[in-house]
Amino acid sequence: MFPPVGAAPEWDTGGEYVDGQLVIYAMTHRKRLLKVGKKMTLRDIFQASKEKEGDPKDGLELKDRCLTFVVMPKGDVEKKWVDEFKRNRDS
């Protein structure tokens, strides 16, 4: 989707969405934020999203019956998005 070489998608006017410079996040039902590692499989992500023993039920959040992942460039954009997510979650 984001090849290391080639033309950037037309919507990426700043050329920020480049392989190796992106981070991926997933959200759970309980509004936990999971940072997805490069080598994680979908199974790994499902396991990470499960509740710990004794905690309320959790798991990956579905929106319109689809898993949702947020892909963004590392750095300032990421920090701003994470801060806003946490602020909205905690209010």
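This tour moves from the sheet to the aromatic pairs and then to the nonpolar cores. Keep in mind along the way that the model is predicted.

**Stop one: the sheet**

Colour the strands and follow the order S2-S1-S5, which makes an open sheet of three strands with antiparallel pairing. At the edges are S2 (33–36) and S5 (69–73), each of them pairing on one side only. From one strand to the next, the twist averages 30°.

Now zoom in on residues 22–27, strand S1, which is joined to S2 by four bridges. Pick methionine 27 and look across to S2, where its bridge partner is leucine 33.

Next, show helix H1, residues 42–49, which packs on the sheet and touches S2 and S5. The directions of H1 and S2 make an angle of about 155°.

**Stop two: the aromatic pairs**

How many aromatic pairs are there to find? The count comes to three. Select tryptophan 11 and tyrosine 17 to begin: their ring centres are 5.1 Å apart and the planes stand at 75°, so this pair is edge-to-face. Tryptophan 11 is exposed, at 52% relative accessible area.

Move on to tyrosine 25 and tryptophan 81. Here the centres are 5.8 Å apart and the planes are at 35°, so the pair is tilted. Because tyrosine 25 sits in strand S1 and tryptophan 81 in helix H2 (residues 76–90), the pair ties together parts that are 56 residues apart in sequence.

Is tyrosine 25 buried or exposed? Tyrosine 25 is buried, since its relative accessible area of 7% is under the 20% cut-off. Tryptophan 81, at 24%, is partly exposed.

Leaving aside residues up to four places away in sequence, tyrosine 25 touches several residues, among them Leu33 and Val36, Phe69 and Val70, and Glu78 and Val82.

In soluble globular proteins, nonpolar side chains tend to be buried together. For the largest nonpolar core in this model, select its ten residues: Phe2, Tyr17, Leu22, Val23, Tyr25, Met27, Val70, Met72, Val82 and Phe85. S1, S5 and H2 each supply at least two residues of this core, and the largest share, four residues, comes from S1.

Notes:
Residues are numbered from 1 along each chain as its sequence is written. This is a predicted model: local features need pLDDT of at least 70, side-chain atom pairs count only at pLDDT 80 or more; totals for chains, interfaces and linings use all residues. Side-chain values use heavy atoms; hydrogens and water are left out. Two strands pair if DSSP finds at least two bridges between them. Axes are lines fitted to C-alpha atoms, for helices over the stretch in contact, and angles run from 0 to 180 degrees between N-to-C directions. Contact means heavy atoms within 4.5 Å. Rings of Phe, Tyr and Trp (its six-membered ring) pair if their centres lie within 6.5 Å; planes under 30 degrees apart count as stacked, over 60 as edge-to-face and the rest as tilted. Buried means under 20% relative accessible area, exposed over 50%, partly exposed in between (1.4 Å probe, protein chains only). A nonpolar core is a set of buried Ala, Val, Leu, Ile, Met, Phe, Trp, Tyr and Cys residues joined through side-chain atoms within 4.5 Å.
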